[in-house]
Amino acid sequence: MSESAEQDIMTTIRGLMDEEHTLRFAEGGLEQQERRRMKEVEEALDQCWDLLRQRRARSEHGQDPDEARVRPVSEVENYRQ
């Protein structure tokens with residue numbers, strides 16, 4: 001597995017988690033635009049975790065992890081690591 005690709009995915013996940021935390025604990029609640037952004041962040045996190053899981057599974061089974069692709073939100077919705 002390409003270590004740099006996995007590191008890039010983990011960096012993205014950490015950034016999204018930081019943003020999610022900031023939004024979740026914003027004083028005074030979230031405005032409509034912030035609620036939309038929270039949904040986008042949650043969906044992007046689901047997609048990143050799914051991509052990471054796909055890459056690791058492909059690698060474990062002797063397949064090329066670089067063939068893993070980001071799947072639509074509808075396929076990965078509510079996936080939790």
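Which pattern does the protein follow, read along the sequence? The pattern is α-α-α, with 3 helices and 0 strands. The model on screen is predicted.

Start with the whole chain in view. Its C-alpha atoms fill a box of roughly 50 × 25 × 15 Å along the principal axes. Of the 81 residues, 27% are buried. The protein exposes about 5,700 Å², and carbon and sulfur atoms supply 45% of that area.

Next, colour the charged side chains. There are 13 positive and 20 negative ones, and the centres of the two sets lie 3 Å apart.

Select glutamate 42 and arginine 24. Their side chains meet in a salt bridge at 3.3 Å, N to O. Glutamate 42 sits in helix H2 (residues 32-60) and arginine 24 in helix H1 (residues 3-24), so this pair ties together parts 18 residues apart in sequence. Glutamate 42 is partly exposed at 28% relative accessible area, and arginine 24 is partly exposed at 45%.

Move to arginine 37 and glutamate 40, whose side chains form a salt bridge at 3.2 Å, N to O. Both residues lie in helix H2, 3 residues apart, about one turn of the helix.

Finish with aspartate 50 and arginine 71, which meet in a salt bridge at 2.5 Å, N to O. Aspartate 50 is in helix H2, while arginine 71 is in the loop between H2 and helix H3 (73-76), 21 residues apart. Aspartate 50 is buried, at 2% relative accessibility, whereas arginine 71 is partly exposed, at 28%.

Technical notes
Residues are numbered from 1 along each chain as its sequence is written. This is a predicted model: local features need pLDDT of at least 70, side-chain atom pairs count only at pLDDT 80 or more; totals for chains, interfaces and linings use all residues. Side-chain values use heavy atoms; hydrogens and water are left out. Helices (H or I, at least four residues) and strands (E, at least two) are DSSP runs, numbered from the N terminus. Buried means under 20% relative accessible area, exposed over 50%, partly exposed in between (1.4 Å probe, protein chains only). Accessible areas come from the Shrake-Rupley method with a 1.4 Å probe; for residues, only the protein chains shown count as cover. Lys and Arg count as positive and Asp and Glu as negative; His and the chain ends are not counted. The place of a charge is taken as NZ of Lys, CZ of Arg, CG of Asp or CD of Glu. A salt bridge is a side-chain nitrogen of Lys or Arg within 4 Å of a carboxyl oxygen of Asp or Glu.
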